[in-house]
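Hi everyone, thanks for coming. Let me put the structure up on the screen, and then we can walk through it together.

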Amino acid sequence: MDEESQNQKKKGKHGKVKKLLKDEKDTRNHKRQGTSKTEVEINTNQKKVKKKQEDEPPQRDKGDKKRKVKAEASSESSDLSDVEELTEEEEEDEEVVGMVVGALTPEELEKLKEAVDDRKKLVSTLRGKPWSMMKKLQTLKESQEFVEKYEGALGKGRGRKLYAYKVMMSKKWMKFLRDFDNFTTACIPWEMKIKDIESHFGSSVASYFIFLRWMYGVNIILFGLTFGLVMVPEALMGRPYGSIPRKTVPRAEEANAMDFAVLWDFGGFAKYSVLFYGYYNSQRTVGWLKFRMPLSYFLVGVGTVGYSYMVVIRRMARNANEQGGGDDTSFNFSWKTFTSWDYLIGNSETADNKFASITTIFKEAIVEEQESRKDDNIHLTRFLRVLANFLVLCCLAGSGYLIYYVVRRSQKFTLAGLENYGWWERNEVNMVMSLLGMFCPMLFDVISSLENYHPRVALQWQLGRIFALFLGNLYTFIIALMDEINLKRKEEEIVKLNMTTWEASLYNGTLGENSTAPSITADPADVPRGPCWETMVGQEFVRLIISDTMTTYVTLLIGDFFRALIVRFLNYCWCWDLEAGFPSYSEFDVSGNVLGLIFNQGMIWMGAFYAPCLPALNVLRLHVSMYLQCWAVMCCNVPQERVFKASGSNNFYMAMLLVILFLSTLPAIYTIVTIPPSFDCGPFSGKSRMIDVIQETLETDFPAWIGKVFSYVSNPGLILPFLLLLVLAIYYLHSISKTYKQFNLDLKKKLQTQNEENKKKNKRAALKAANDLEEARNASTQLQLEQQSKNASSRGMDL
Amino acid sequence: MATSHASATVSSHAKAAPYPKLHDSRRLSPLLEWMRHHIEPLESLTALETTIFKDCTYFTRKEILRLHGRYHELAPHLVPLDYTNEPDVKVPLALIVNMPELKENPFRTRIVESFSEDGMGNLSFNDFVDMFSVLSEMAPRELKAIYAFKIYDFNVDNFLCKEDLEKTLNKLTKEELTPEEVTLVCEKSIEESDLDGDNKLSFADFENMISRAPEFLSTFHIRI
């Protein structure tokens with residue numbers, strides 16, 4: 001009796017397990033409904049198990065009792081009883097499952113584990129399935145039930161504790177990820193503002209603000225790096241203001257060090273603070289934490305550039321993944337039909353504009369399709385284009401020369417002492433650069449009307465020219481700065497000489513030249529100071545950025561706001577309709593603004609090494625810009641009439657950003673590697689080159705063998721083969737990508753030919769079907785005629 | 001006796017629910033029982049459902065709660081703020097189509113119809129969340145292509161035939177194009193995308209075409 005019942009128990013468990021696996025298979029392959037022998041077995045086993053469950057009272061005693069108690073206590077809500085029933089069933093199920101799983105063979109255990117994993121994967125990909133929400137919820141419920149039921153039980157047996165622990169940790173990890181996700185989405189600022197702008201102006205204007213927000217994020221990280229690792233340690237642990245010469249305002253400048261004009265120019269107290277390079281001391285370690293200040297300064301400088309590269313390239317890669325392909329013209333009309341409406345539009349005026357622009361686009365496309373290109377006087381067009389390019393080049397050269405001239409002039413002013421000149425002379429360089437940046441693009445616009453290009457091509461040319469203008473201006477500015485740097489370095493020699501004579505004068509000649517008596521302490525403000533070209537560079541960049549920002553805001557106010565006011569209010573008493581005619585409201589210039597943003601960021605990258613305050617300044621600037629421009633757009637601009645993006649992909653602006661990043665870091669790298677730092681200021685004073693700080697750290701802070709390793713690694717014999725390997729890798733990847741492109745084109749061609757063949761086949765089939773129909777009809781009419789003649793003849797015969 | 005008494009309380013409890021239940025509401029109750037049992041007891045079903053919805057949509061909890069607020073705003077007398085009584089409520093098409101996000105869209109009726117279960121445009125909260133999840137930024141291209149196909153398929157025959165394209169075009173241009181121009185554009189579109197030569201676009205043709213469109217992801221997007 002005992003053996004029998006035991007055998008029955010075992011079979012029952014097995015049956016239940018097989019039933020589980022069968023369930024899994026069923027739910028995984030919805031369509032395949034194959035019944036196999038094992039499943040028949042399983043069904044019979046299932047019935048046996050059920051019967052056994054009903055027969056065995058001892059296990060059910062608890063359950064029954066509980067149920068009876070529940071039925072009697074009917075005053076409780078039925079919900080509760082239902083829940084309890086469920087709990088009961090679940091508990092029993094768990095026990096059974098536990099027993100069952102414990103008796104499984106390893107392969108079945110594996111299969112069960114696989115099934116559980118499959119379910120988990122299903123749950124994670126559920127949101128991407130095109131099912132109705134009800135179906136998704138059902139599937140989710142089933143899968144989660146299944147996983148919960150068998151996950152815990154799977155742990156029983158060998159390695160149970162480890163498995164259960166793993167499961168619990170993964171659950172906690174999922175929860176943590178989910179909470180973190182929620183937190184990060186809650187942190188994204190300005191979401192509603194951007195949505196408002198999107199519904200009024202469409203996605204292309206909003207893309208500028210999204211780009212601005214992304215830049216803001218990048219700058220916050222840069223700010224965190226420079227502030228936390230450079231400015232704060234120096235402020236907290238470095239020697240305080242006034243303790244050493246480089247940290248004090250010199251006696252000569254003390255009188256007006258607090259004047260607002262001087263502070264606005266970033267001189268005076270602003271200059272001798274953590275904001276600029278010159279303040280930092282060159283002590284190897286600082287404070288009780290032994291914080292390596294110079295090393296940190298250097299590494300943060302390198303780190304900001306590295307982080308920026310990483311972030312830009314990652315964004316480009318993500319954009320490239322989302323795009324289908326490049327600029328294709330093979331689906332011209334289909335794309336216009338299905339992707340031209342912008343679903344973000346929620347404003348009726350914008351919608352009307354969009355309808356009108358879509359109609360225009362279609363009409364243009366139809367015209368292009370129907371007529372062949374008119375053979376315009378091609379020579380005239382070519383001549384005009386060459387002329388236009390020549391004019392543009394003249395413009396660029398002119399602006400470059402102007403900037404160079406102005407920078408040299410400002411040097412002369414500084415030498416003569418800035419107090420003698422008015423506001424314009426002091427800010428000449430910055431004003432000239434900003435004004436050029438404002439007026440030259442308009443000039444380019446006028447010149448481009450000579451060229452007669454398709455609007456999208458014209459926009460690309462325009463952007464390219466503005467890019468060249470900004471780049472030229474920036475580099476001229478840098479070259480002029482280099483001249484100043486050289487001047488300052490020559491000055492250093494003279495100052496060094498002066499210092500020795502001054503020190504000697506302190507001792508009044510009581511001691512010999514080569515003695516090492518303790519120096520008499522002199523007030524740091526009185527010590528003659530060496531020139532500090534790094535701080536000068538930092539100051540120039542800061543001034544440039546501030547003036548650029550001011551110009552942008554003033555142009556915004558005048559060009560957009562006042563113009564809107566004038567158009568709105570003068571319209572009542574003006575001869576022609578100001579709103580429809582000449583000035584009218586301005587449109588938001590997406591590409592111009594994006595370029596401005598990119599170039600500002602380039603300047604930040606260039607100057608951040610010499611003025612750690614730049615990222616902080618930029619964060620402030622972007623914050624204010626966001627609010628100001630959001631307000632200006634909503635208040636003074638109208639939606640664009642013709643919406644032309646510069647290119648199909650979003651990567652156009654990212655590519656420009658990458659180029660600017662590369663070009664901005666070149667000057668900084670050049671100065672770091674070649675020019676010796678000033679002897680009297682900054683964290684690298686006293687070294688022959690800034691890079692030497694790494695050498696110093698390796699020698700002093702790391703064990704000896706690391707130094708040896710580095711010296712081996714930096715051996716040219718090792719670096720050259722490595723570079724060669726990199727070049728080979730690039731060549732290989734490039735050739736692979738070319739093959740893939742070719743492959744792609746071949747496949748496309750195949751699709752086209754297949755398409756045409758299908759059409760021909762269909763036509764032939766249709767023709768054949770028509771012929772067959774004809775023949776069948778003919779045959780049937782013939783048959784009818786024959787029938788009739790037969791009938792007639794038979795009747796004739798009868799008669 | 002005892003069980004009949006228990007069932008009596010069940011039915012009386014059901015009668016107490018103020019909202020009309022449709023015949024398939026019974027499907028909902030085991031689901032909710034399971035929810036209540038397995039997830040930590042929370043104050044309202046809305047909080048419960050957000051946990052479930054997060055696995056089925058691309059929204060975070062905060063966004064789902066906000067969506068619920070918007071859904072309630074559409075028909076405050078119809079939609080309860082508290083979902084504990086499992087109401088099976090559907091907001092009619094006319095109310096949804098007047099949402100600020102949809103009211104300027106020429107395809108708004110079709111959009112709502114393709115996400116509704118009955119095909120007539122009456123959305124339950126599930127369908128509402130589903131719709132905005134597919135149209136959100138985070139939904140992948142393939143999923144959006146499936147639903148775009150449904151939206152542009154006006155006669156719901158699983159093909160984009162010439163009439164569907166003509167209707168689409170007329171809605172896009174507010175009938176400003178002449179009939180010849182419309183015919184030309186439709187013919188050219190079919191010619192470009194049709195791969196199997198049956199003179200209408202199946203889903204495979206449509207997907208092949210839309211997967212290369214550079215602007216599809218940015219235009220087929222509603223922010224809520």
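**Helices that pack in chain A**

From α9(A), the residues Ser204(A), Val205(A), Tyr208(A), Phe211(A), Leu212(A), Met215(A), Asn219(A) and Leu222(A) meet Val590(A), Asn593(A), Val594(A), Leu597(A), Ile598(A), Gln601(A), Ile604(A) and Trp605(A) from α20(A). Contact here means heavy atoms within 4.5 Å, and helices are DSSP runs (H or I, at least four residues), numbered from the N terminus. Sorted by class, this contact has twelve nonpolar, four polar and no charged residues. Nonpolar covers Ala, Val, Leu, Ile, Met, Phe, Trp, Tyr, Cys and Pro; charged covers Asp, Glu, Lys and Arg; the others, Gly among them, are polar.

How do the axes of α9(A) and α20(A) cross? They come within 9 Å and cross at roughly 10°, with α9 spanning residues 203-237 of chain A. Axes are lines fitted to C-alpha atoms, for helices over the stretch in contact, and angles run from 0 to 180 degrees between N-to-C directions. That crossing makes α9(A) roughly parallel to α20(A); the cut-offs are under 35 degrees for roughly parallel, over 145 for roughly antiparallel, 65 to 115 for roughly perpendicular, and oblique for the rest.

Now for another partner of α20(A). Helix α19 (residues 533-570) of chain A and helix α20 (residues 590-607) of chain A have axes that come within 10 Å and cross at roughly 165°, so α19(A) and α20(A) are roughly antiparallel. On the α19(A) side, the contact uses Phe541(A), Leu544(A), Ile545(A) and Asp548(A), and on the α20(A) side Asn600(A), Met603(A), Ile604(A), Met606(A) and Gly607(A). That contact has six nonpolar, two polar and one charged residues.

Next, the two chains together. In chain A, 79 residues are in contact with 91 residues of chain B. The buried area is about 7700 Å², with 59% from carbon and sulfur atoms; buried area is the accessible area (1.4 Å probe) that two parts lose on being put together, summed over both.

Finally, confidence. The complex has an ipTM of 0.76 and a pTM of 0.70 from the predictor. Chain B has a mean pLDDT (the predictor's confidence in each residue, from 0 to 100) of 78. Residues 1-26 of chain B stay under 50. Where pLDDT is low, the predicted coordinates should not be read in detail.

Some housekeeping: residues are numbered from 1 along each chain as its sequence is written, and chains are lettered from A and ligands numbered from 1 in the order in which they are written. Local features need pLDDT of at least 70, side-chain atom pairs count only at pLDDT 80 or more, totals for chains, interfaces and linings use all residues, and side-chain values use heavy atoms, with hydrogens and water left out.

Notes. Helix = DSSP H or I, 4+ residues; strand = E, 2+ residues; numbered from the N terminus.
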